[in-house]
Amino acid sequence: MVSLVRIRLSKIYRQNAVLTTLPNGLVSLSSGRTICDTAVVDHCPSVPPQTVIKRVCFWVCDSYYNQQRKSTQFDSTRPLLNLPMDSEFLTAEQAITVLASLADEAGSMVALSFFYWAIGFPKFRHFMRFYIVSAGCLIKNGNFERTHDVLRCMLWNFAEVGMLKEAIDMVLELQSQGLVLSAHTLNCALSVVNEMGCVEMAQNVFDEMCERGVIPDSYSFESMIVAYCRAGRVSDADRLLRVMLNKGFLVDKATCSLIISVFCENGGVNRALWIFNKMVEMGLKPNVIHFSCLINGLSSRGSIKQAFELLEEMVRRGLKPNVYTHTALIDGLCKKGWTDKAFRLFLKLVRSDNYKPNVYTYTAMIDGYCKEEKLHRAEMLLEKMKEQGLFPNLNTYTTLIDGHAKVGEFDRAYELMDMMDRDGLSPNTCTYNAVINGLCKKGRLKEAYNLLKRSYMNGVCADKFTYTILISASCKQDDVKQALAIFNVMIKKGIDVDMHTYTSLISLLSRQRKMGECERILGDAANMGLNPTTQTYTSMVSGYCRDGKVDMAMKVFSKMSENGCAPDSFTYGALIGGLCKESMLNEARTLFEEMIDKGFSPCEVTRMTIAYEFCKKDKFSTAMVLLDRLERKQWVRTVRTLVRKLCSEQKVDIAAKFFDKLLDANQTVDRVTLAAFMSACYDSNNYALVSDMSTRITKEKVMELFHYAFLHLWICYCAIMSIEIAISRLI
């Protein structure tokens with residue numbers, strides 16, 4: 001090659017250049033004139049294009065070989081050429097010709113050095129054909145390694161101007177020009193596409209190259225899994241990870257940490273444990289970070305026992321838990337309400353010589369105490385934290401402010417917000433939301449809106465949680481106008497409205513029997529791609545039942561099941577109540593039995609409603625059959641309430657039957673129920689019934705209960721007499 005370069009370049013540049021053979025056998029080209037003189041001549045517009053190309057080729061070769069000769073650390077892949085010209089000296093077409101000539105005459109590496117020089121200028125950097133010719137020349141010379149370097153540059157540079165897709169298409173098109181697509185090509189494309197955050201495009205590239213016969217390697221799988229994890233697409237990451245593990249590929253330790261962390265954050269703790277154990281079986285040596293991520297995931301979901309078991313395994317492997325491991329456990333214990341155990345672990349860190357509690361550890365403990373309304377201890381920890389030289393962060397202050405706001409200590413909450421300003425921290429949206437939420441729950445809406453104005457003045461914008469808090473507060477006060485006004489502000493500002501907000505509005509409107517508005521809002525939610533929740537459907541069912549439209553309520557109930565949304569006990573209770581109100585007792589009975597069969601526990605209102613309605617129809621046996629399906633405690637409570645209800649309406653005969661059943665089951669009756677039953681019997685002159693029931697109660701209990709009943713009757717008698725006396729005096 002050296003001799004060939006000597007011969008060809010001597011022919012091209014024999015009038016302008018002198019060739020010198022270096023000790024290492026390479027050729028150095030030097031001009032017969034000085035660089036400055038040459039540059040002046042070459043910038044002359046009268047110089048023919050062919051001469052320009054020849055001279056540029058000469059300068060490139062001269063600069064390349066001079067650097068190779070002089071530098072002991074010469075980088076042949078990306079040498080920094082020193083050419084006596086700028087980008088304006090060449091047109092784009094001439095640059096392509098120069099590169100092709102260099103590739104043919106001087107070889108791939110010299111041509112590549114000119115390529116890197118050229119793309120340093122915007123004029124050539126975004127000229128697609130320049131990259132295509134460069135790659136084509138390298139492919140022709142069989143230098144596929146450097147071809148991928150050119151392609152990587154093309155992808156990066158065209159991504160800058162929003163033409164990444166076009167660059168990807170061109171990479172695939174180069175297969176027709178001799179580029180052999182390989183895992184290297186795939187990885188080259190994925191490295192750029194994933195770095196730009198274009199997950200969908202990365203997936204398309206991955207699938208396209210696999211269809212073209214490319215066999216992905218471990219880096220290909222790992223690159224896609226990392227991209228999926230960063231985008232929160234856990235199911236896609238899991239799918240590809242399963243394939244990767246089946247092929248025997250392992251991810252590196254950093255990627256393993258990312259996978260475990262993302263899976264745990266998205267509720268896939270069990271899957272993260274399985275992946276971790278599988279990788280350990282395949283040869284992965286776990287580190288402290290892996291165990292800490294898993295312990296944090298287990299603690300966050302409340303699996304404290306399992307988290308401590310994993311801690312023991314970690315210690316058995318010779319790994320020492322750090323402050324982050326302990327913080328995860330402390331946070332988990334606090335979330336379970338076990339602050340005493342958490343504090344013991346916290347003290348262990350305080351006394352440790354290796355690790356001390358950090359800001360996050362203190363914040364976890366403060367959060368635990370705030371949840372238990374032990375604000376004095378939380379405040380003590382804040383002071384202790386500052387004594388240790390730790391500065392509370394935004395989350396620390398927000399947690400403490402939220403604790404004070406929940407118990408109505410707003411003066412202290414405001415003091416802490418001022419303290420944040422003095423410490424150089426500005427309250428964020430979460431901080432304001434904590435106080436606004438507390439104010440709304442205490443009914444201080446005006447103050448909440450004033451605080452919202454203050455947040456705007458401080459440059460903090462309300463988010464969807466702020467508006468949802470205000471809408472919920474307006475709904476609790478049955479202020480439809482205000483709730484809809486806030487909702488419209490959310491829409492105008494482009495804030496994403498979730499189904500919880502729509503459900504709050506539907507619940508409010510359904511209570512006011514404005515079902516037309518409910519249907520419109522539910523339609524808007526569907527158009528937004530939101531799926532109604534069980535609470536949404538329950539509100540609709542309740543609204544229709546209040547409005548006397550049980551047939552519509554039944555349709556909503558059926559639609560609910562069709563859409564895969566399971567009704568809960570409140571849904572059943574609302575519909576059963578509506579059916580009973582319309583005297584559709586057979587349908588109500590069917591739903592009640594279905595509810596019990598599905599394991600739902602009907603509330604006392606539902607139990608009383610259906611039993612009482614059957615009693616009103618003189619269907620005592622049916623009511624008793626339904627109540628017999630309840631648990632013992634529920635049965636006793638319901639029958640007692642039912643007896644009192646029947647007695648209050650002078651339905652003594654039916655009440656006596658339930659009273660008799662109550663004695664059969666319990667042998668004793670509470671004072672209130674007995675007094676109500678005796679009063680009803682005396683009022684209806686049914687003394688024999690009282691006598692019969694009395695014999696069934698033990699003597700001691702009778703005396704106690706009769707004494708109570710007698711007092712109850714005497715109070716009623718005195719009340720009646722005092723009313724008669726008062727009336728007589730008025731007359």
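A disulfide is a pair of cysteine sulfur atoms within 2.5 Å. A search of the whole structure finds 0 disulfides. This is a predicted model, in which local features need pLDDT of at least 70 and side-chain atom pairs count only at pLDDT 80 or more, while totals for chains, interfaces and linings use all residues. Residues are numbered from 1 along each chain as its sequence is written, and side-chain values use heavy atoms, with hydrogens and water left out.

**Cysteines**

- Cys-293 is in no disulfide. The nearest cysteine sulfur belongs to Cys-264 and is 7.2 Å away.
- Cys-293 is buried, with a relative accessible area of 18%. Buried means under 20% relative accessible area, exposed means over 50%, and partly exposed is in between (1.4 Å probe, protein chains only).
- Cys-210 is partly exposed, at a relative accessible area of 28%.

**Nonpolar core**

- A nonpolar core is a set of buried Ala, Val, Leu, Ile, Met, Phe, Trp, Tyr and Cys residues joined through side-chain atoms within 4.5 Å.
- The largest nonpolar core has 229 residues. Val-56, Phe-114, Phe-115 and Phe-658 have the most contacts inside it.
- Helix α3 (residues 49–70) supplies the largest share of this core, 10 residues. Helices are DSSP runs (H or I, at least four residues), numbered from the N terminus.
- Neighbours within four places in sequence aside, Phe-114 is in contact (heavy atoms within 4.5 Å) with residues including Val-56, Val-60, Leu-81, Leu-90 and Phe-130.

**A residue in α27**

- Ile-491 lies in helix α27 (residues 480–492). Ile-491 is partly exposed, with a relative accessible area of 42%.
- Leaving aside neighbours within four places in sequence, Ile-491 is in contact with Val-497 and Tyr-502.

**Pockets**

- On a 1 Å grid over the protein atoms alone, a pocket is an open set of points with protein on both sides within 12 Å along at least five of seven lines. A cavity is a set of points where a 1.4 Å probe fits but cannot get out. Lining residues have an atom within 4 Å of a point.
- Grid points are joined across faces, edges and corners, and a volume is the space filled by probe spheres set on the points.
- The largest pocket holds about 510 Å³ of space. It is lined by 22 residues, and the closest to its centre are Asn-296, Tyr-324, Thr-327, Ala-328 and Asp-331.
- α14 (253–265), α16 (288–300), α18 (323–335), α20 (359–371) and α22 (394–406) give two or more residues to the lining of the largest pocket. α16 gives the most, with 6 residues.
- The lining of the largest pocket divides into 7 nonpolar, 11 polar and 4 charged residues. Ala, Val, Leu, Ile, Met, Phe, Trp, Tyr, Cys and Pro count as nonpolar, Asp, Glu, Lys and Arg as charged, and the others, Gly among them, as polar.
- The second largest pocket has a volume of about 300 Å³. Of its 15 lining residues, Phe-570, Gly-573, Ala-574, Val-605 and Thr-606 are the closest to its centre.
- In the lining of the second largest pocket, α32 gives the most, with 6 residues. That lining has 6 nonpolar, 8 polar and 1 charged residues.

**Cavities**

- The whole structure has 2 cavities of 30 Å³ or more. The second largest cavity holds about 30 Å³ of space.
- Residues lining the second largest cavity include Leu-99, Ser-108, Phe-115 and Cys-137. α5 gives the largest share of this lining, 4 residues.
- The lining of the second largest cavity has 7 nonpolar residues, 2 polar and no charged.
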